[in-house]
Amino acid sequence: MLNRSLPLLIVLFTALLLIVAFFIPHKPFGDLESRFLNWYAIISGFTFLLGLDSLTRHHLLKVFRQEKGWFYSLLLVISLFATLGLGLYSWFKFSSPFALRAPFMWLYKYMIIPLQATMFATLAFFIFSAAYRAFRVRNLAATLLLIAACLVMLGNVPLGGSIWRYLSQFVHLIFPQFDLTTLYRVELFALLKDWLLAIPQAAAGRGIGIGLALGGIAMALRIILGIERTYLSS
Amino acid sequence: MFCLSAFLLFLIGIAPPESLLVKDNPNDQGQAIVITWTHPTPESVLGYRIYRSLFPETGFMPVNIELITKTEHLDSDSALRNNTPYYYFVRAYSETDSAQSQIAGPVLPRAQWFNSSRLNVLILTTAISAFFLYYITKARRGTKMFIRKISGLDAIDEALGRATELGKPILFSFGLGYITDMVVISALPLLRRIAKKSAEYAVRLIVPNSDPIVMTAAQETVKEAYTEAGRPDLYNADNISFLTSDQFGYAAGVDGIILRERPGAIFWLGYFYAESLILAETGHTVGAIQLAGTTETTQLPFFVAACDYTMIGEEIYAASCYLKPEPAMLGTIKGEDLIKLILIVLISTVVVIGTVGTILGEKLPFLSQMFNAVVNWLTPPS
């Protein structure tokens, strides 16, 4: 009984305390939120030991059992402890692992950052393949998506401006009353892009945002009142 | 002309700052004073230095070492003591000269018991919570509530069935979410459901994590689900492991798992950033049936493009109510719907008032005033 009700009481008490603290700046309430966040940071710092344990155990087991791909696991464990070692060495030698001349920073600058950038760069190809599937004209919704995406793309790149300059000449030929210089200045694709992003896209985004905010409040109330218990052990 | 004004300035010297005003900074826990002033010839001023003292005539010490160019300053020195009188003056500096304002004070820094700038939040939160509580009570009294079909949640069984038929494992990811994120908490019951089914079908469940606390919560959830299903022997903590908290390191790790294990079903339920498409597209290349749900609206289009089913917006928050439709849980969903309806009516009314007010600005000026009053009341202070 206590196993179940004690965590719920702690949740209720903590939530009420933080709600009250949001509206009362006077001490001791004013700095409660940052104090709680500090506690969370300390606890999560220690839990990284759990993560380290999980990671090393998982990969060392793979190495000892000579499972498929054990060499990569060995490489991971060596890299992990080499990074840790370099960090500790930099700490002792340069007072901080983040000192500019520290070997840890060299590792960060010349290995970790390029690896992260490489991984991020692959996103361009994934966007291309996902866009190809999403923009295939299958129904009205997909067609609208395709048109909107093309307009936003044309509005974002210099090519859109060049196309519009050619189109303006045609418009001027058909409707001579429209001045060519004024037509050049209109930048139709950029205008359409701005309108699409500022009106329909923003409206849809805000609709989802309002729903999320309300859903969040409902979820928070369910947790505070102990109605939602699925996150607890049974 | 410039030479003349510079010569005159040299002759008469710089003018002192005027209208020095010192007041307690509102809505804080004290230890902060707002100082404002004006200067008749701001173009001649190089910068200002503020001086503070506990006494009206002596003991003034500079508050700022570097000269400031604005005519407003917040003195939030940790040495300030609440309910203690302080006196200030400001000295303006030019290239060659300086002049000080009159002394202002006493001013007492005070801590407030209520943050009046958050009154609108208090009123709205109380009103919204009251609606929720009303519907929870109503549902508990036996009023039947209905929850609409969420195809993303219905697809869970389909995805699990397909993975079982193919004899492939299932992959579940919380993304880069922390346990403090609401979306991660709402994804835990879904993991429980998936884990229970995977135990029943004897399918391997892999949960790579980016946060050790989330990993621990996931391990507990899966372990309990396996026990509930009567297959605790199938539980292997190694399948619910920690990868890395680095964004692209995590993406690379999960991509590697997908390509090696080739899961039959993948669930992306949690917090995702730019790595969302990298993950979902890799899942697509191995032919897995994919189900996604996130509260990060910027990533939703990527999931919609790459996954078979996507839970949009607050659908993921409603997951636990959908899976376990208890009256009190459903009451909150009903309350949410009613508040949405009220908000739609309110927003539409305010938009109409604002539009008509702009068109008939001169004839009906109160409409624009009303619109501005509502917008200002709702806008958070900067």
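Q: Leaving aside neighbours within four places in sequence, with which residues is Val222(B) in contact?

A: Two residues are in contact if their C-beta atoms, placed from the backbone, lie within 7 Å. By that criterion, and apart from its sequence neighbours within four places, Val222(B) is in contact with Leu191(B), Ala195(B), Leu205(B), Val207(B), Tyr235(B) and Ile240(B). The model is a predicted one, in which local features need pLDDT of at least 70 and side-chain atom pairs count only at pLDDT 80 or more, while totals for chains, interfaces and linings use all residues. Residues are numbered from 1 along each chain as its sequence is written, and chains are lettered from A and ligands numbered from 1 in the order in which they are written.

Q: How should I read a nonpolar core, and which residues touch the most other members of the largest one?

A: A nonpolar core is a set of buried Ala, Val, Leu, Ile, Met, Phe, Trp, Tyr and Cys residues joined through C-beta atoms within 7 Å. A residue is buried if 20 or more other C-beta atoms, placed from the backbone, lie within 10 Å of its own, exposed if 12 or fewer do, and partly exposed in between. Here the largest core has 91 residues, among which Val222(B) and Trp268(B) touch the most other members. Helix 4 (residues 182–201) of chain B supplies the largest share of this core, 10 residues. A second, separate core of 16 residues includes Leu20(B), Trp37(B), Tyr48(B) and Tyr88(B).

Q: How many helices and strands does chain A have, and how many does chain B have?

A: Helices (H or I, at least four residues) and strands (E, at least two) are DSSP runs, numbered from the N terminus. Chain A comes to nine helices and zero strands. Its radius of gyration, taken over C-alpha atoms, is 29 Å, well over the 17 Å that the globule rule gives for 234 residues, so chain A is more spread out than a compact globule; the rule itself is 2.2 Å times the number of residues to the power 0.38. Chain B, by contrast in its make-up, has 11 helices and 13 strands. The radius of gyration of chain B is 31 Å against 21 Å from the rule for 382 residues, so chain B too is more spread out than a compact globule.

Q: What percentage of residues is buried in chain A, and what percentage in chain B?

A: In chain A, 13% of the 234 residues count as buried, and in chain B the buried residues make up 39% of 382. Of the contacts with a separation of 6 or more, residues 24 or more positions apart account for 32% in chain A and for 68% in chain B.

Q: In what order do the five strands of the open parallel sheet of chain B lie?

A: Strands of a sheet pair through backbone hydrogen bonds, either parallel or antiparallel. Two strands are taken to pair if DSSP finds at least two bridges between them. In chain B the five strands of this sheet lie in the order 10-9-11-12-13. Strand 10 (205–206) and strand 13 (309–311) of chain B stand at the edges with a single partner strand each, so one side of each is left without a neighbour in the sheet. Strand 9 (residues 170–175) and strand 11 (residues 265–271) of chain B pair in the parallel sense over five bridges, and Phe172(B) has Phe267(B) in strand 11 as its bridge partner.

Q: Which strands form the antiparallel open sheet of chain B?

A: That sheet has three strands in the order 1-2-5. Strand 2 (residues 33–38) and strand 5 of chain B are joined by four bridges, and Thr36(B) has Glu72(B) in strand 5 as its bridge partner. In the loop between strand 1 and strand 2 of chain B lies Asn27(B), which has a positive phi of about 55° although it is not a glycine.

Q: How many residues of each chain are in contact across the two chains?

A: The size of an interface is often given as the accessible area lost when the parts come together. Counted by contacts instead, 50 residues of chain A meet 57 residues of chain B. Helix 9 of chain A gives the largest share of the side of chain A that touches chain B, 14 residues. That side divides into 26 nonpolar, 19 polar and five charged residues, where Ala, Val, Leu, Ile, Met, Phe, Trp, Tyr, Cys and Pro count as nonpolar, Asp, Glu, Lys and Arg as charged, and the others, Gly among them, as polar.
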